[in-house]
Amino acid sequence: MNQFTRQNNQAADIQTLPDDIAEELTRLPGEVISVGDAPPISPPTPLSSDEVRTIVISLMLTMFLAALDQTIVATALPTIGRQFQDVSNLSWVITAYLLASTAVAPVFGTLSDIYGRKAMIIVSLSLFIAGSILCAIAPSMPMLILARGLQGLGGGGIMPVVQTVISDVVSPRERGQYQAYFSSVWMVGGILGPVIGGVFAEHLHWSMIFWINLPLAAAALALLLPKMKKIPVFHRKRKVDWLGGVLLMASAVVFMLVLTWGGTRYPWLSPTVLAMVGGAVALAFTFVWHARRADEPFLPLPLLGGSVAPFALTAGGCGLGAITGLTVQLPLYYESVYHLSASEAGLALIPLAAVSTIGAAVAGRTMARARHYKRVAIVGTSWAAICALGLTLTTLPLWGLLTLMAAFALGLGTTFPVCVVSLQNSVARPLVGTITGAMNFFRSLMSSFTVAAFAAILLIALGADIPLAGEHHAGGSIPAIPAEDMRHAFRYVFAAATALMTTASLCLIMMEERPLAGPSTARPVEMAE
């Protein structure tokens, strides 16, 4: 690429931003940056295929750690509760991890734009390893819960930093193809987690679910760190707005507690829940007020505006919320209506998880070749909405339900690569980590909200106090609810999924489709020779 072409691409990277952000990027503290000095839109020194392959494999292994630890603990909880003779606080073993990982996602994304990707991947993995060791040797339930929170701090940093590193080594047009690899990592981690956790708890010791993280993390670091010096540097040192970060994390934690406790530990309209809602809203408004007045806010609010970010964030959140909410609640449906065992109900979730990765792969490859890349996601989300509507209107045998659920997942999976790449493509390089962290933050909140909303829908439709969100597995039995009543109640759940996918489709239609930098006929690096 000659100098003239490179500067034109650099100018395009800045000019595609809203005017206020572009102006801010050219007025950094203590210096003035011209368009010609702006970060390049593609790596200045392309990495070889072998180098990219090594980096991607190490990042997949790193992400596998975070994916595995979100599910591996579930099947070991009864064993842990018996050892510590404490079952009342078992849910906090999972909740502590989710709270911490959700709250720190935007923090690590922003810090990677300030201190660099290498520093943040080392910090996140170090926290994750330290938390894993403390979990394995925890002498009591309170210590285990605290250690899980520390582990969540590391796990929450892994996802945004990994996605940001990928944006540094792969051009936007090629980037969508790699989403299928990382989607498959989450699928494998989600499926293998409960199986591995159960085997370790039954045949070895429950602490093995944490000790296994050490060799995996060591292997990931051994592969990744030697290559990090070759990854292009796009971060920019600036003052860290710690107050803004604390306000954002505090509002997220309180809101997550509302979603966790509302309708279970406390009634939704109880004074405790209402006070927590008020506290979360107050903290959120304080964060916005502070961000508008700070010279260098932790999360620049203009990043969340414009013609790309709000629509991509909403569409991605709706997609992840729909698949997460259905994954959590469908086992109850399978067991009540089709009389499957707990293990069979878990296997019945595989079409939902596996086929969504195929949809992501289709969208990724389309993005590498098509000019109008968002069309595949518009068609996919519309198709998913139609499939969910079919589940609402019809009663199907098990094979028919699984087929339609697979078709739903195929369309839904197209959402993720288009939304991720569109977001990262809409900002300048020094802000990619920030927008990626914000994306993971809002997706986690949306997933938690959807799980709580689907549970509330079922409780209202059934008119009974039944255990939801997987709690029925712990007791080894399901509620004695007639199959026809359960079918009727789940029609409202499928209707909610229809609304989510319709919203995602409308957002993608309204989202601006900006040109993607990179070769027009990109070919992915093969993961095996």
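**Aromatic pairs and a helix**

Visitor: How many aromatic pairs does a search of the whole structure find?
Guide: The search finds seven aromatic pairs. Rings of Phe, Tyr and Trp (its six-membered ring) pair if their centres lie within 6.5 Å; planes under 30 degrees apart are stacked, over 60 edge-to-face, and the rest tilted.

Visitor: What kind of pair do Phe 84 and Trp 206 make?
Guide: Their ring centres are 5.7 Å apart and the planes stand at 70°, so the pair is edge-to-face. Phe 84 is in helix α4 (residues 77-84) and Trp 206 is in the loop between α8 (172-203) and α9 (208-211), so the pair links parts of the chain 122 residues apart. Helices here are DSSP runs (H or I, at least four residues), numbered from the N terminus.

Visitor: Are Phe 84 and Trp 206 buried or exposed?
Guide: Both are buried, where buried means under 20% relative accessible area, exposed over 50%, and partly exposed in between (1.4 Å probe, protein chains only).

Visitor: What about Phe 490 and Phe 494?
Guide: They form a tilted pair, 6.0 Å centre to centre with 50° between the planes. Both lie in helix α21 (residues 483-510), four residues apart, about one turn of the helix. Phe 490 has a relative accessible area of 0%, and Phe 494 has 3%. With Tyr 333 and Tyr 338 they form one aromatic cluster.

Visitor: New topic: which residues of α6 are buried?
Guide: Among them are Arg 117, Met 120, Phe 128 and Cys 135. Seen down the axis of α6, the buried residues fall within an arc of 135° (the arc of the directions from the helix axis to the C-beta atoms), so they line one face of the helix.

Visitor: What covers them?
Guide: The cover includes α3 (49-69), α5 (91-115) and α19 (432-462).

Visitor: What is the mean pLDDT of the chain?
Guide: The mean is 77, and 83% of the residues reach 70 or more; pLDDT is the predictor's confidence in each residue, from 0 to 100. Over residues 1-44 it is below 50. Where pLDDT is low, the predicted coordinates should not be read in detail.

Definitions and conventions:
Residues are numbered from 1 along each chain as its sequence is written. This is a predicted model: local features need pLDDT of at least 70, side-chain atom pairs count only at pLDDT 80 or more; totals for chains, interfaces and linings use all residues. Side-chain values use heavy atoms; hydrogens and water are left out. Helices (H or I, at least four residues) and strands (E, at least two) are DSSP runs, numbered from the N terminus. Contact means heavy atoms within 4.5 Å.
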